[in-house]
Amino acid sequence: MKRILVHGKARIEQDGKEVFSYDIPKPGTEKSKKNNRVVINEQLDSILPEKVLPDLLKVAVSGHNRGGKTAFALALAYESGRNASQEQQPPLKFSAILGIDPVAGSSRPSCLCSPNILQFIPYSFDQSIPVAVFGTGLSNQRAYGVCPPGAPNGVNHAEFFNESKPPCYYFMAKDYGHTDMLDDRMAALMCMIMKSGKGSKDTLRRTIGGIFVAFLKAYLEGQADDLINIVESPNIRAPITLDPVISIEE
């Protein structure tokens, strides 16, 4: 199953065919909460494999590019309502945030996309759940010296991590670009306009998947050994260069 959250749309594919998609409304609105109720109550049964039951007490939100910003915005909006009255509380509680090369806009501060969640102040996110941010080392560079970077400095993965409260984790794939983790066909197209790394894209995808599984196992299942090993020995545990790797647990 592939889940894509970018430019305000969520889509789920199986074997290359779309099985479900929906437009994502502005986080924190009544329409947003209503749409999530529909997805949770009416759609999960139709897209999950037989005998697979969702545990809605352990839900993580994730996204890439501006979809990563949307994931943060959605979780932060829901976090801000955690002390609200029973009628105002969101339909589910997020347990973790995972951002894959998140970016808030093309520059700061004039071209930030709505909703603007960056405050450019360390630890300013009003979040109590764990955060993992995966960035790429080439995402802030121009392609061919002309095309603008996919994730410019000041509004990219580094700033999202900087504004996250502990526990938070940061992993940067030093030798890869902003769209290198996409499917091969899309990555090949995007490298025409964005800086791309020369390493295996499949290895990058497997690295991101492995890190996120380790992170979720640590915080949703209490099995932290894999995450600790990656953080302490990234050169041994990861098949690509991760530099830097930062963890702030308190």
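This is a predicted model: local features need pLDDT of at least 70, side-chain atom pairs count only at pLDDT 80 or more; totals for chains, interfaces and linings use all residues.

Biologist: What is the phi of F120?

Modeller: Phi is a backbone angle. F120 has a positive phi of about 60°, although it is not a glycine.

Biologist: Is F120 buried, partly exposed or exposed?

Modeller: Here we need a cut-off: buried means under 20% relative accessible area, exposed means over 50%, and partly exposed is in between. F120 has a relative accessible area of 22%, so it is partly exposed.

Biologist: And where does N65 sit?

Modeller: N65 is in the loop between β4 (59-64) and α2 (66-80). Its phi is near 60°, again a positive value in a residue other than glycine. N65 is buried, because its relative accessible area is 12%.

Biologist: Next, peptide bonds. Which residues does the cis bond with omega of about 0° join?

Modeller: The cis peptide bond with omega of about 0° joins P166 and P167. P167 is found in the loop between α3 (157-163) and β7 (168-173). The bond from D243 to P244 is also cis, with omega near 10°, and P244 belongs to strand β8 (residues 242-248).

Biologist: Now the rings. How many aromatic pairs are there?

Modeller: Two rings pair if their centres lie within 6.5 Å. By this rule there are 7 aromatic pairs. One of them is F125 with F160: the centres are 6.3 Å apart and the planes are at 55°, so the pair is tilted.

Biologist: Which parts does the pair of F125 and F160 tie together?

Modeller: F125 lies in the loop between β5 and β6, while F160 is in helix α3, so the pair links parts 35 residues apart in sequence. F125 is buried, with a relative accessible area of 2%, and F160 is buried too, at 0%.

Biologist: What kind of pair do F161 and Y170 form?

Modeller: F161 and Y170 form a stacked pair, 5.1 Å centre to centre with 25° between the planes. F161 is buried, with a relative accessible area of 10%, and Y170 is buried at 6%.

Terms used: Residues are numbered from 1 along each chain as its sequence is written. Side-chain values use heavy atoms; hydrogens and water are left out. Helices (H or I, at least four residues) and strands (E, at least two) are DSSP runs, numbered from the N terminus. Buried means under 20% relative accessible area, exposed over 50%, partly exposed in between (1.4 Å probe, protein chains only). Rings of Phe, Tyr and Trp (its six-membered ring) pair if their centres lie within 6.5 Å; planes under 30 degrees apart count as stacked, over 60 as edge-to-face and the rest as tilted.
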